[in-house]
Amino acid sequence: MKNRYIESFEKAQIKDKQVPSFKAGDTIKLGIRIVEGDKTRIQNFEGVCICIRGNGVGKTFTVRKIGANNIGVEKTFPLYSESLESINVLRVGRVRRARLYYLRDRKGKAARIKEDRS
């Protein structure tokens with residue numbers, strides 16, 4: 001049972017942020033605001049969402065992509081973070097699991113996820 005003041009504070013943080021609905025298996029493109037000194041820039045991070053966990057303000061999701069030299073890169077982001085500029089869903093994946101940790105062991109064509117065209 002949460003304190004009612006904490007609940008009202010969390011609702012105030014969530015209400016002004018527009019977040020698209022996505023799930024594990026979807027390919028998403030994130031625009032991340034990076035601050036370097038007094039300059040800011042937007043850097044894109046595109047990959048497959050492998051898990052979503054938590055609820056409310058503490059909700060986080062993990063995105064995995066294959067970087068240079070076939071090295072897997074995973075980043076975990078808070079869903080309602082101020083540094084997330086945009087979230088775009090590029091492909092909707094057809095998966096039967098909520099957590100896709102098995103993709104860590106797969107390489108190449110074995111790591112593909114079928115697209116849900118319905």
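The mean positions of the 27 positive and 13 negative charges of this protein chain lie 8 Å apart. Here Lys and Arg count as positive and Asp and Glu as negative, with His and the chain ends left out; each charge is placed at NZ of Lys, CZ of Arg, CG of Asp or CD of Glu.

Welcome to the structure. It is a predicted model, in which local features need pLDDT of at least 70 and side-chain atom pairs count only at pLDDT 80 or more, while totals for chains, interfaces and linings use all residues. Residues are numbered from 1 along each chain as its sequence is written, and side-chain values use heavy atoms, without hydrogens and water.

**The overall picture**

The protein chain has one helix and five strands, in the order α-β-β-β-β-β along the sequence. Helices (H or I, at least four residues) and strands (E, at least two) are DSSP runs numbered from the N terminus. The C-alpha trace spans about 50 × 40 × 25 Å along its principal axes. Of the 118 residues, 25% are buried, where buried means under 20% relative accessible area, exposed over 50%, and partly exposed in between (1.4 Å probe, protein chains only). Among contacts (heavy atoms within 4.5 Å) between residues at least 6 apart in sequence, 50% join residues at least 24 apart.

**Two residues to look up**

| Residue | Location | Relative accessibility |
|---|---|---|
| Serine 81 | loop between strand S4 (72-78) and strand S5 (84-91) | 16% |
| Arginine 64 | strand S3 | 14% |

Serine 81 is 68 residues from glutamine 13 in sequence, and their C-alpha atoms are 9.7 Å apart in space. Arginine 64 and valine 95 are 31 residues apart along the chain, with 15 Å between their C-alpha atoms. Leaving aside residues up to four places away in sequence, arginine 64 touches Gly47, Val48, Ile50, Gly72, Val73, Glu74, Leu103 and Arg104.

**The largest pocket**

The largest pocket holds about 380 Å³ of space. Of its 17 lining residues, Val48, Ile66, Gly108, Ala111 and Arg112 are the closest to its centre. Strand S3 (residues 60-66) gives the most to this lining, with three residues. On a 1 Å grid over the protein atoms alone, a pocket is an open set of points where a 1.4 Å probe fits, with protein on both sides within 12 Å along at least five of seven lines; lining residues have an atom within 4 Å of a point. Grid points are joined across faces, edges and corners, and the volume is the space filled by probe spheres set on the points.
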